[in-house]
Amino acid sequence: GGGGGGLPGLGGGGPIIHNSTAGQDFFNGTDGVQDTFVFTLGQGPGAGTAFNALTMQTNAGASDFVSNFNPADGDKIKILEAGGSPLNNPLGSDVGVLSGGGMTLLHVDSSNEIVFSTNDTDLAQGTLSNDDFTVV
């Protein structure tokens with residue numbers, strides 16, 4: 001057995017919302033609970049700069065990090081425009097996926113901005129789909 005850490009007052013196993021900030025955030029999903037990871041465009045490293053493959057890895061090192069994403073738990077990603085409106089089906093129209101060195105990077109199309117990085121295989125290039133995103 002053994003108890004877990006966790007934050008006081010979070011019990012009950014209800015959905016958990018992980019809201020990104022302008023700083024670097026490290027999010028770890030909770031097994032058996034629906035996690036929603038919320039990111040706002042314009043907050044990631046490289047925001048406002050043109051795509052440059054040489055600096056993407058540097059930006060990835062300063063980006064938000066997501067782990068323990070479980071589609072079976074109903075986990076989702078929500079991406080908000082700078083004005084706060086959620087993006088529907090963002091893959092291929094607003095964001096793209098790059099991978100290398102065991103890492104997956106979600107980045108803003110035609111930009112150097114990294115939304116988040118992960119080594120979670122459920123979020124890998126070719127696995128991540130618009131079904132993993134939500135607007136609610």
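Modeller: Buried means under 20% relative accessible area, exposed over 50%, partly exposed in between (1.4 Å probe, protein chains only). This is a predicted model: local features need pLDDT of at least 70, side-chain atom pairs pLDDT 80 or more, while totals for chains, interfaces and linings use all residues. Numbering runs from 1 along each chain as its sequence is written, and side-chain values use heavy atoms, without hydrogens and water.

Colleague: Why is strand E3 called mostly covered?

Modeller: In E3 (residues 35-40), 5 of the 6 residues are buried. Strands here are DSSP runs of E, at least two residues, and helices are runs of H or I, at least four, numbered from the N terminus.

Colleague: What makes E1 and E3 a pair?

Modeller: Two strands pair if DSSP finds at least two bridges between them. Strand E1 (residues 16-19) and E3 have 4 bridges, in the parallel sense, so they pair. Asn-19 has Val-38 in E3 as its bridge partner.

Colleague: How do you know that E3 pairs with E5?

Modeller: They share 5 bridges, so they pair, also in the parallel sense. E5 covers residues 76-80. Phe-39 is bridged to Ile-79 in E5.

Colleague: Why are E2 and E6 called edge strands?

Modeller: The open sheet of 5 strands runs E2-E4-E8-E7-E6, with mixed pairing. E2 (26-28) and E6 (95-100) each pair on one side only.

Colleague: What makes H1 a helix packed on the sheet?

Modeller: Contact means heavy atoms within 4.5 Å. H1 (residues 53-61) touches E6, E7 and E8. Its direction makes about 75° with that of E8. Axes are lines fitted to C-alpha atoms, for helices over the stretch in contact, with angles from 0 to 180 degrees between N-to-C directions.
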